[in-house]
Amino acid sequence: MSTTPRPPNLRLPRDRRLELATSPLVMGVLNITPDSFSDGGLWLDPTKAIDRGLEMLRQGAQLLDLGAESSRPGGGVYGHGAEDLSTEEELARLLPVLEGLRGATDAPLCIDTRKGPVAAQALAAGGDLVNDVSLLADPDLGRAVADSGCPLVLMHSRGAIATMQREIRFDDVVAEVREELNEGIERAVELGVERSQIVVDPGIGFGKTYTQNLQLIRSLNQLAPPAHPVLLGASRKSFIGHFGAAEGQSVPPPQKRLGGSLAAVGWAASLGAAMVRVHDVQETVQFLRVWEAIKGTEETS
């Protein structure tokens, strides 16, 4: 089982670096939204969100992903999907939490947004990298990242958030996702983003069937050009409920999908993924520490 080579680190603002390791870094999800599929509304209050972010860092997260606009895909199990926000609404949710966390920690803070103006203001306010689930639908986002010199996560998706689960068409999901991620990388480079600063994400659950999600996770080491770090965001997603339900039982809700989420993390670790984006930080950190201890025992026996 081959793994994907990748650069040893990513450059962050203020002369800092995000060191990549043999085990995936754990990115804690902080949804500052009322309508995210798993924990919408829990951290909408800025004080609670800041406390939650600091808690995840204490639990072992190496970085946080702050999202103030839900990207819950529509057309499938989540109905009509998430509502679009204006730039002003998104920033009103995001900036108090970002600024509060920035004042309390030097840990890397990733900004989960599809909008160039949001990315630009968040980076100016202390953000360290940007996670774009639209594969650069807004070129201004690429320009904002290029101006800051920070890393950029490009996630694969097709179609509008509200309808992407309704019309899924792939002839070869692995080949097509790889090709479209490569096209996204080239668009980012044309906009001025440094190639060595680009991370790719296959977009599990975004315009894919349950089986296609499995195919992509199984093929993580085939989805990016050499040396591009890969991020997997499979935590609590609906394919886990679909395949993880015991015979005769109902599909478990998102909060009851830890076991399946860890199965995806384990596969990502075995294929050399650089990061995993998760809701259950403490359990994921423990899983990966034991995983590495077992692997180390095998290598030294």
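Reply: Let us begin with pockets. A pocket is an open set of grid points with protein on both sides within 12 Å along at least five of seven lines, and a volume is the space filled by probe spheres set on the points. Please keep in mind that this is a predicted model.

Me: What is the volume of the second largest pocket?

Reply: The second largest pocket has a volume of about 200 Å³.

Me: Which residues line the second largest pocket, and which elements give two or more residues to the lining?

Reply: The lining of this pocket consists of L214, I217, R218, F239, I240, F243, G260, A263, A264 and W267. The elements that give two or more residues to the lining are α6 (210–218), α7 (238–244) and α8 (258–270). Helix α8 gives the most, with 4 residues.

Me: How is the lining of the second largest pocket divided by class?

Reply: The lining has 8 nonpolar, 1 polar and 1 charged residues.

Me: Let us turn to the whole chain. How many helices and strands are there in the protein?

Reply: The protein has 9 helices and 10 strands. Of its 301 residues, 55% count as buried. The protein exposes about 12700 Å², and carbon and sulfur atoms supply 51% of that area.

Me: How should I read contacts in relation to the sequence?

Reply: The general idea is to set the contacts against the separation of the residues along the chain. Among contacts between residues at least 6 apart in sequence, 67% join residues at least 24 apart.

Me: Which residues have the most contacts inside the largest nonpolar core?

Reply: A nonpolar core is a set of buried nonpolar residues joined through side-chain atoms within 4.5 Å. In the largest core, which has 65 residues, those with the most contacts inside it are L66 and L232. Leaving out residues up to four places away in sequence, L66 touches L30, I32, L94, V97, L98, L101, L109, C110, I111 and D112. Apart from this core lies another, of 14 residues, among them L18, M27, V153 and V199.

Me: Let us consider single residues. Is V118 buried or exposed?

Reply: The general idea is a cut-off: buried means under 20% relative accessible area. V118 has 0% relative accessibility and therefore counts as buried. This residue lies in helix α3 (residues 116–124). Leaving aside neighbours within four places in sequence, V118 is in contact with T87, E90, L91, L94 and T113.

Me: How many residues apart in sequence are V118 and D140, and what is their C-alpha to C-alpha distance in space?

Reply: V118 and D140 are 22 residues apart in sequence and 9.8 Å apart in space, C-alpha to C-alpha.

Me: Where is L220 found, and with what accessibility?

Reply: L220 is found in the loop between α6 and β9. Its relative accessibility is 2%, so L220 counts as buried. L220 and S270 are 50 residues apart in sequence, while their C-alpha atoms are 9.8 Å apart in space.

Me: How should I read a residue that is partly exposed?

Reply: Such a residue falls between the two cut-offs, under 20% for buried and over 50% for exposed. H242, in helix α7, has 41% relative accessibility and so counts as partly exposed. Not counting residues up to four places away in sequence, H242 touches Y210 and V251. From H242 to T211 the C-alpha to C-alpha distance is 10.0 Å, and the two are 31 residues apart in sequence. Another case is E55, found in helix α1 (residues 46–58). With a relative accessible area of 31%, E55 is partly exposed. E55 and G28 are 27 residues apart in sequence and 9.9 Å apart in space, C-alpha to C-alpha.

Me: Where are D15 and R236 placed, and is each buried or exposed?

Reply: D15 is in the loop between β1 (9–12) and β2 (16–19), and its relative accessible area of 83% makes D15 exposed. R236 is in the loop between β9 (231–232) and α7. At 11% relative accessibility, R236 counts as buried.

Technical notes: Residues numbered from 1 in each chain as written. Predicted model: local features only at pLDDT ≥ 70, side-chain atom pairs only at ≥ 80, totals over all residues. Heavy atoms only, no water. Buried < 20%, exposed > 50% of the residue type's maximum accessible area, 1.4 Å probe, protein only. Contact = heavy atoms within 4.5 Å. 1 Å grid on protein atoms, 1.4 Å probe; cavity = no way out; pocket = protein on both sides within 12 Å on 5 of 7 lines; lining within 4 Å. Nonpolar A, V, L, I, M, F, W, Y, C, P; charged D, E, K, R; others polar. Areas by Shrake-Rupley, 256 points an atom, 1.4 Å probe, with all protein chains shown as cover.
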